[in-house]
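Let's take a walk through a protein model together. Have a look at the picture first, and then we will go through some of its parts step by step.

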Amino acid sequence: MAVVLDPGIGAPGRRADGLPVPLVLTAGRQVRRLSAADFPVPVQPIDRIRIPNWFSARSPKHRRDLAASVLTKLAGRDKGPPRRGQAAQAPGQEEIAALRRRVRGHPCHECPDLDEHARHAERRARLEREVRRLETTVAGRSRVTDAGRRLACLYTELDLLAAECLRRGLWDGLSPADLAACVSALTFESRTAEAATPVRLPGGPVADVLAATVSVWRELDDLETENRLSFLREPDPGFAWAAHAWARGKPLESVLGPDLTPGDFVRAVKQLMDLLGQVAVAAGPGTPLRSTALKAVDALGHGVVTYSSVEELPAAGPPPGDTARDTLPA
């Protein structure tokens with residue numbers, strides 16, 4: 001016998017799966033939370049008793065007084081199960097009784113910590129159900145889009161800008177040399193602001209595509225500003241003419257300038273070839289842009305660019321105080 005202190009219908013008495021977990025005071029003056037495992041057979045209320053407003057389940061005296069009141073109210077009453085004929089036999093009652101006998105005969109039934117172990121097992125089962133529910137929710141909400149898969153193929157400082165250029169088709173229809181010139185704005189970064197002005201650009205569609213690229217960058221930069229982020233630098237077209245000329249087979253001396261040493265040139269071309277390879281992968285198999293990007297890589301890979309390191313380049317040393325940059329592997 002037990003008196004129900006809290007039916008456990010609302011929080012915090014309700015479990016995550018929606019089943020109630022009532023709080024009861026047993027005849028032995030113990031306060032417990034019961035779960036479905038504690039009710040192998042249906043139970044019926046045998047009476048009602050008023051619980052004082054000042055009752056506290058943490059107080060031994062309050063528990064003792066309430067247990068005594070319950071025993072007094074039920075004194076002399078037959079508290080056993082109803083006799084045959086008093087109530088209809090519930091369906092499956094015999095099977096339930098047999099299962100209860102098997103439970104009582106199990107070795108674990110005599111464990112002094114059975115209740116604690118059962119609570120831990122129930123908590124584990126509840127957490128496993130919650131994990132499955134969360135995994136199902138996340139799986140339903142998480143879906144990688146085509147744009148996301150394209151972005152995952154790009155590994156560059158301006159990867160998001162490159163992905164947007166691909167998504168908007170800014171590089172479609174370009175020749176290999178034109179594509180190399182336009183993509184170079186995402187890999188090249190002038191050493192000084194003065195070195196980037198004035199910018200010499202090749203003819204054809206390159207100037208318009210670079211202007212559109214800067215426009216896309218401004219949109220992304222505005223979004224970053226709104227969200228208090230700052231990851232994307234402005235694209236730099238300072239290497240566009242050199243990349244275009246080199247892809248068209250021009251000699252090294254014609255593409256170098258006072259602000260572009262052989263070491264800087266080789267590094268810039270290598271970085272450009274790397275990004276063009278990524279663009280080919282992101283564009284997808286069988287697409288014209290993939291073919292153009294691969295052709296651009298082939299067009300750039302000639303002459304001094306095929307050397308294994310900057311030390312092997314024709315002598316035209318780095319600017320004073322910048323030797324570290326020009327001794328890196330090309």
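**Cysteines, a helix and confidence**

Searching the whole structure turns up zero disulfides. One cysteine to look at is C165, which is in no disulfide: the nearest cysteine sulfur belongs to C182 and lies 8.9 Å away. A disulfide needs the two sulfur atoms within 2.5 Å. C165 is buried, with a relative accessible area of 0%. C153, by contrast, counts as partly exposed because its relative accessibility is 26%, and buried would mean under 20%.

Now find helix α7, which covers residues 206–226. How far apart are its end C-alpha atoms? They are 30 Å apart, which agrees with the 30 Å that 21 residues should span at 1.5 Å a residue.

Which residues of α7 are buried? They are V206, V209, L210, T213, V214, V216, W217, L220 and E224. Looking down the axis of α7, these buried residues fall within an arc of 165°, so they line one face of the helix. They pack against α5 (159–167), α6 (176–187) and α8 (240–247). On the other side of α7, D208, T225 and E226 are exposed. Just after the helix comes R228, with a positive phi of about 55°.

Finally, remember that this is a predicted model. Its average pLDDT is 81, and 83% of the residues score at least 70. Over residues 307–330, however, the pLDDT is below 50, and this stretch has 39 contacts in the model beyond near neighbours in sequence. Where pLDDT is low, the predicted coordinates should not be read in detail.

Note on methods. Residues numbered from 1 in each chain as written. Predicted model: local features only at pLDDT ≥ 70, side-chain atom pairs only at ≥ 80, totals over all residues. Heavy atoms only, no water. Helix = DSSP H or I, 4+ residues; strand = E, 2+ residues; numbered from the N terminus. Expected span 1.5 Å × (residues − 1). Buried < 20%, exposed > 50% of the residue type's maximum accessible area, 1.4 Å probe, protein only. Arc of directions from axis to C-beta. Contact = heavy atoms within 4.5 Å. pLDDT = per-residue confidence, 0-100.
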